[in-house]
Amino acid sequence: MVAQRATRILDKDTWRCIVQDIEAIVNVYRRMNKIMSLGLADKIRVEALKTLCNGLEGGLNDKPIILADIGAGPGDSIKTIINVCRGVSYIIALDPSPRLLANIEPSMLCERVVAVAEYLPLRPRSITFATAFYAARDFQNLDQAIQEIVRTISRGGIAIGDIFLPDRTLNNIAVKIWVCVFVPLLAIMFATKQWRHYTGLCKSLKGWLSVKKLCNIIKQTDRENTIRTHCREYALGGLGYVVARYN
């Protein structure tokens, strides 16, 4: 069987525009995420993290548990990680935008690092877990980013939660209409001054994947048959998460 690869690549101009749009909406980011996700954004984070961090209370091989939150943005996931993954010793928040990282409060538990997912400034097998919530869709090169994440993990796991494009045609069309048409209209009402920046969300769907496809791609990074995956869809498959844990 030929291995499925994450061939999705964003051109540099599109990627820069996406980052700039996110920087421009930081003051309405949390409110609009709740609206556009139909209130499911936090639920997906919590459920994915519970699956990822299950059994951490007693530690993991008596070693410090380090978690890298990739595409951390303004830090929306940090508090949830701390609350759900109580065994985590240290969090590294990585994002290509210093402006977004500046919104994360300085903490002894969390270090802010300017970096892109395709070139993580982390040693091989230096972290336990990696998370990416509503960020993987904005990776410039998804295949390279996944390979980097796998390179840095030592017997831990990965959790990715995001908007997805379902494989079923009607569901796929429904999600595109929601993101490309209705979300900008909702932004006119709830993020009046920044609504134009929400029209750029549609660009991030180009060539994007379903939960099932991303789940299969991550499975196929496992050459030793040690990964257990848990993948779940919400809202016609337009939202969901992929969790992979090493045995």
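Trainee: At the start of H1, which backbone nitrogen does a side-chain oxygen of Asp11 reach?
Mentor: This is a predicted model, in which local features need pLDDT of at least 70, side-chain atom pairs count only at pLDDT 80 or more, and totals for chains, interfaces and linings use all residues. Residues are numbered from 1 along each chain as its sequence is written, and side-chain values use heavy atoms, with hydrogens and water left out. At the start of H1, a side-chain oxygen of Asp11 comes to within 3.2 Å of the backbone nitrogen of Asp13.

Trainee: How far apart are the end C-alpha atoms of helix H1?
Mentor: Helix H1 covers residues 12–24, which makes 13 residues. The expected span is 1.5 Å times one less than the number of residues. H1 should therefore span 18 Å, and its end C-alpha atoms agree, being apart by 18 Å.

Trainee: Which helices do the buried residues of H1 pack against?
Mentor: Buried means under 20% relative accessible area (1.4 Å probe, protein chains only). The buried residues of H1 include Trp15, Ile18 and Ile22. They pack against helix H2 (29–36) and helix H5 (98–101).

Trainee: Which side chain of opposite charge is nearest to Glu118?
Mentor: Glu118 lies in the loop between strand E3 (110–114) and strand E4 (127–133). Glu118 is buried without a salt bridge (a side-chain nitrogen of Lys or Arg within 4 Å of a carboxyl oxygen of Asp or Glu). Its side chain reaches the backbone nitrogen of Asn141 at 2.8 Å. The nearest side chain of opposite charge, 8.3 Å away, is Arg8.

Notes. Helix = DSSP H or I, 4+ residues; strand = E, 2+ residues; numbered from the N terminus. Buried < 20%, exposed > 50% of the residue type's maximum accessible area, 1.4 Å probe, protein only. Lys, Arg positive; Asp, Glu negative; His and termini not counted. Polar contact = N/O pair within 3.5 Å; in protein donor to acceptor, adjacent residues only side chain to side chain. Contact = heavy atoms within 4.5 Å.
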